[in-house]
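Subject: A structure for you

Hello,

I am passing a structure on to you, and I hope you enjoy looking through it. My notes on what turned up follow below it.

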Amino acid sequence: MSQAQPHGKLPSTAELERFVKEKEALIFWTLDGKEHKGILRWFDEVAFALVLNQDDKQAKKHVTLQRHAVIGYGPVKSPI
């Protein structure tokens, strides 16, 4: 079950599976106050793996976020 958060909500498994399948752009907020915008590649009980677009052309960065550090997520309103 999802719970409302100030910057989004906690992810449900079904919703995360849909995001991986549809490659929807998401934003994740972490405890350190950072925002991570990207495509969710995979997730498990301890982590989320994202592909982030970089400012320079087609460069991509792969990031793994620990679940305990994520306070919420939501769809990206503008293109990444």
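**Starting with one histidine**

His 36 sits in strand β4, which covers residues 35-43. Helices and strands here are DSSP runs numbered from the N terminus, a helix (H or I) needing at least four residues and a strand (E) at least two. Before going further, please keep in mind that this is a predicted model, in which local features need pLDDT of at least 70 and side-chain atom pairs count only at pLDDT 80 or more, while totals for chains, interfaces and linings use all residues. Residues are numbered from 1 along each chain as its sequence is written, and side-chain values use heavy atoms, with hydrogens and water left out.

Is His 36 buried or exposed? His 36 counts as buried because its relative accessibility is 15%; buried means under 20% relative accessible area, exposed over 50%, and partly exposed in between, with a 1.4 Å probe and protein chains only. Setting aside neighbours within four places in sequence, the residues in contact with His 36 are Leu 26, Ile 27, Phe 28, Thr 30, Leu 50, Leu 52 and Leu 65. Contact here means heavy atoms within 4.5 Å.

**The chain as a whole**

The protein chain contains 1 helix and 7 strands, and along the sequence they come in the order β-β-α-β-β-β-β-β. Of its 80 residues, 32% count as buried. The chain exposes about 5,500 Å², with carbon and sulfur atoms supplying 52% of that area (Shrake-Rupley method, 1.4 Å probe; for residues, only the protein chains shown count as cover). If you take the contacts between residues at least 6 apart in sequence, 40% of them join residues at least 24 apart.

**Charged side chains around the helix**

A salt bridge is taken as a side-chain nitrogen of Lys or Arg within 4 Å of a carboxyl oxygen of Asp or Glu, and the count comes to 2 salt bridges. One of them joins the side chains of Arg 18 and Glu 22, at 3.2 Å from N to O. Both residues belong to helix α1 (residues 13-22), where they are 4 residues apart, about one turn of the helix. Arg 18 also forms a salt bridge with Glu 24, with the closest N and O atoms 3.4 Å apart. Through shared partners, the salt bridges join Arg 18, Glu 22 and Glu 24 into one network. Arg 18 counts as partly exposed at 34% relative accessibility, as does Glu 22 at 49% and Glu 24 at 26%.

**Aromatic rings**

Rings of Phe, Tyr and Trp (its six-membered ring) pair if their centres lie within 6.5 Å; planes under 30 degrees apart count as stacked, over 60 as edge-to-face and the rest as tilted. The count comes to 3 aromatic pairs. Among them is the edge-to-face pair of Phe 19 and Tyr 73, 5.7 Å centre to centre with 75 degrees between the planes. This pair links distant parts of the chain, since Phe 19 is in helix α1 and Tyr 73 in strand β7 (residues 70-75), 54 residues apart. Both Phe 19 and Tyr 73 are buried. One aromatic cluster takes in Phe 19, Phe 28, Phe 48 and Tyr 73.

**One more residue in strand β7**

Ile 71 is also worth a look, in strand β7. With a relative accessible area of 28%, Ile 71 is partly exposed.

Best wishes
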